[in-house]
There are 4 protein chains.
Amino acid sequence: MSNGGGSRAREPRGDKRERILEAAVRVFASKSFYTATVAEIAREAGVADGTIYLYFKNKDDLLIRLFEERMEEINEGIRAAIAPFERPLEKLRAFILHHLREVERKPELGEVLIVELRQSSKLMKEYEARAFREYLGILSAILDAGIADGSIRPNVEPRAVRRAIFGALDEVALSWLLGGRRFDLSRNAEQLAEIFVRGLAAEGA
Amino acid sequence: MSNGGGSRAREPRGDKRERILEAAVRVFASKSFYTATVAEIAREAGVADGTIYLYFKNKDDLLIRLFEERMEEINEGIRAAIAPFERPLEKLRAFILHHLREVERKPELGEVLIVELRQSSKLMKEYEARAFREYLGILSAILDAGIADGSIRPNVEPRAVRRAIFGALDEVALSWLLGGRRFDLSRNAEQLAEIFVRGLAAEGA
Amino acid sequence: MSNGGGSRAREPRGDKRERILEAAVRVFASKSFYTATVAEIAREAGVADGTIYLYFKNKDDLLIRLFEERMEEINEGIRAAIAPFERPLEKLRAFILHHLREVERKPELGEVLIVELRQSSKLMKEYEARAFREYLGILSAILDAGIADGSIRPNVEPRAVRRAIFGALDEVALSWLLGGRRFDLSRNAEQLAEIFVRGLAAEGA
Amino acid sequence: MSNGGGSRAREPRGDKRERILEAAVRVFASKSFYTATVAEIAREAGVADGTIYLYFKNKDDLLIRLFEERMEEINEGIRAAIAPFERPLEKLRAFILHHLREVERKPELGEVLIVELRQSSKLMKEYEARAFREYLGILSAILDAGIADGSIRPNVEPRAVRRAIFGALDEVALSWLLGGRRFDLSRNAEQLAEIFVRGLAAEGA
DNA sequence: CATGAATGAGCATTCATTCAT
DNA sequence: CATGAATGAATGCTCATTCAT
């Protein structure tokens, strides 16, 4: 994004920015935004404290950028995952399965987005959270399409339901992460998908 | 001092503890656990900073007690709300409606339980969270009963689903709170209840 | 002293004052003047915090009174111990033996006088320390008498030597106390007495 | 900043650590360890409060390092001072004279080592006090040598006597310091040396 | 660009002291 | 006299941020 894109595959610059973000993921995942220190992130990233301020305005900014950029990647993954499906409820099922599969695949990242995002919701309240709105937008689109083609009950309100779906996914992921990743997240994903698909489906479906 | 006097010359001792808890609700709801200062809570409660330490071990303890005690009240309310119903799915509907109605009734309290609890999930991770486990226990019991009497699909796993339900309720409440309480939470509650009841119901129901 | 004396052997009043002093001895002996809290002393004495302020102006005053009153008792003991002896060097020997024997007999008291007195030397600097000056006075008198009767070398300066003797006794007592009271303090007392008597004695003695 | 510039543009880094230690000497000497504040030491050293924590773990650590490092210097001085002498009792005399001469030369340093060390004896109890044990070791070695070559009475116990000597020196130094440095410490040193040398000497010496 | 020493505002917590009962 | 709840000033320590090199 800020790399200017180009022919060079990997600038030595910008590399450092990425290392900081990755370090932040690891640190925030284990300590909480307010408990984590900038010095800790710097150490984890192998850079000097001051270097962080060359790439990010301040600690808050670091969290916001982290969230935005990771969320964007997630959104792209979701779009790719639901694209193959035609029918809205199948898209929804794919959405749910994909979300939890991603958490399973990159637990630390999941932890940051889930736990830490919440930890600073007051912080988040103040910024636009564009990428998160996009995430919700994808859900809305699915629901809208389902209502439009009659596969979802007409009295469903997408704006409310999309939050509920996100909340359910998020909480299940959270309990999996905090609980030591003991149970099988994929099977839970199936359960959730089933519940929401059945719960939203129009009578005749 | 600010009691304005009344029938009782001086509130009983424990009164001060309650005032601190109430102040903590207000402050945590507006600032975040880590951002809020003890001095601020004290000021809000109309007591000296040191007084807080007569009733709570430290700032962490204050949050935990707050959560536990409020959560217990909520649990009692839920129990009362679902008691009149016989059938599990009706109990579930009552549960969902009651949860969000409570948030609507005491928004600040809801905010603390929802937002702030998450903000310090790392903190919470370390304490047993007895009252929260009780909350989940009520949900489990409903689901178990439904599976037992055949009203809920037999392949539903209560341990996964209960987190999903809580997550959905929580997130909807959160978006209502952070979004300025603009939409009608009760109507959303109906939507959620409908989705979960339909989503869980056994075929023939 | 402040009891007003009288026929009654033990007033119920004043008793409390003594209990506070005794508690202070125990607490100061185990924590240090600045580390010990008034509340701790009150608990140890079995009185309310505020009660201490009925008998002592403040925490500093408590330490000073404690020191003064205990030191007075010690001085009386010393006077009695050296009285039977005629010759100054024998009085000196008795002085030294008595001092360390007292420490051995009431270790906690010794600890307060030794360790804690030093801990607040800045505090002590400001008050007259009458009882301690009396203690030194007894030593001076012995030394003066010895010089006068020729048993002590004439070029000895009592004002310097008396501090040295006190310092030696004090340090030996300290090391015994802090070292867990492991060695035989009485035998050390003999050693010290021998050294000082020989070190001060006039040639011909 | 306050260096006034000079030949060197900016003192080497470690300079700051030394300045803090020197400031600590001055502050502890005038206030007592517990009464002195970290902010005061920082101000005296001309650094920010936080800077102290770059060089020392905490306030306790500052005192301990201060004691250890200064004591080491003293030990080296003593070793140099007694080296020229052959006979143990002459070494002892040199030891005593040197100790008090050092106090006279650097009163504030003396005050810290003497007064403040005692003030936190509870603190000191817990750390090994290596340098102080070394100090006592030098004394022991002298006494042992004297007993071995017959110049000191055979029934003298070095472990007891060395504490007595230290205590005597310490107390004399203390009274000189607290008493406003009015009398001639060197002459007192002579007196002490004479007493201990005579007091320890074997009969025939 | 990068560093990391230095800064100093900010905060949780303690505790001597007071005073209404 | 006695109590002990309440006070709030005081302090050790942390950590985001800066800036000279």
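This section describes the protein–protein and protein–DNA contacts of a predicted model.

The contact between chains A and B is considered first. In this pairing, 32 residues of chain A are in contact with 32 residues of chain B. On the chain A side, two or more residues are contributed by each of helix 6 (107-119), helix 7 (121-126), helix 9 (158-178) and helix 10 (185-200) of chain A. Helix 9 of chain A accounts for the largest share of this side, 12 residues. By class, the side of chain A that touches chain B comprises 14 nonpolar, nine polar and nine charged residues.

The contact between chains D and C was examined in the same terms. Here 32 residues of chain D are in contact with 32 residues of chain C. The side of chain D that touches chain C draws two or more residues from each of helix 6 (107-119), helix 7 (121-126), helix 9 (158-178) and helix 10 (185-200) of chain D. Of these elements, helix 9 of chain D gives the most, with 12 residues. This side of chain D is made up of 14 nonpolar, nine polar and nine charged residues.

DNA strand E is surrounded by 33 residues, the closest being Ala48(A), Gly50(A), Gly50(B), Asn58(C) and Gly50(D). At least two residues of the surface near DNA strand E come from each of helix 3 of chain A, helix 2 (38-45) and helix 3 of chain B, helix 2 (38-45) and helix 3 of chain C, and helix 3 of chain D. This surface divides into 12 nonpolar, 10 polar and 11 charged residues.

Around DNA strand F there are likewise 33 residues, and the closest are Asn58(A), Gly50(B), Ala48(C), Gly50(C) and Gly50(D). The surface near DNA strand F receives at least two residues from each of helix 2 (38-45) and helix 3 (49-55) of chain A, helix 3 (49-55) of chain B, helix 3 (49-55) of chain C, and helix 2 (38-45) and helix 3 (49-55) of chain D. Its residues comprise 12 nonpolar, 10 polar and 11 charged.

Conventions:
Residues are numbered from 1 along each chain as its sequence is written. Chains are lettered from A and ligands numbered from 1 in the order in which they are written. This is a predicted model: local features need pLDDT of at least 70, side-chain atom pairs count only at pLDDT 80 or more; totals for chains, interfaces and linings use all residues. Two residues are in contact if their C-beta atoms, placed from the backbone, lie within 7 Å. Helices (H or I, at least four residues) and strands (E, at least two) are DSSP runs, numbered from the N terminus. Ala, Val, Leu, Ile, Met, Phe, Trp, Tyr, Cys and Pro count as nonpolar, Asp, Glu, Lys and Arg as charged, and the others, Gly among them, as polar. A residue is near a molecule or strand if its C-beta atom, placed from the backbone, lies within 6 Å of it.
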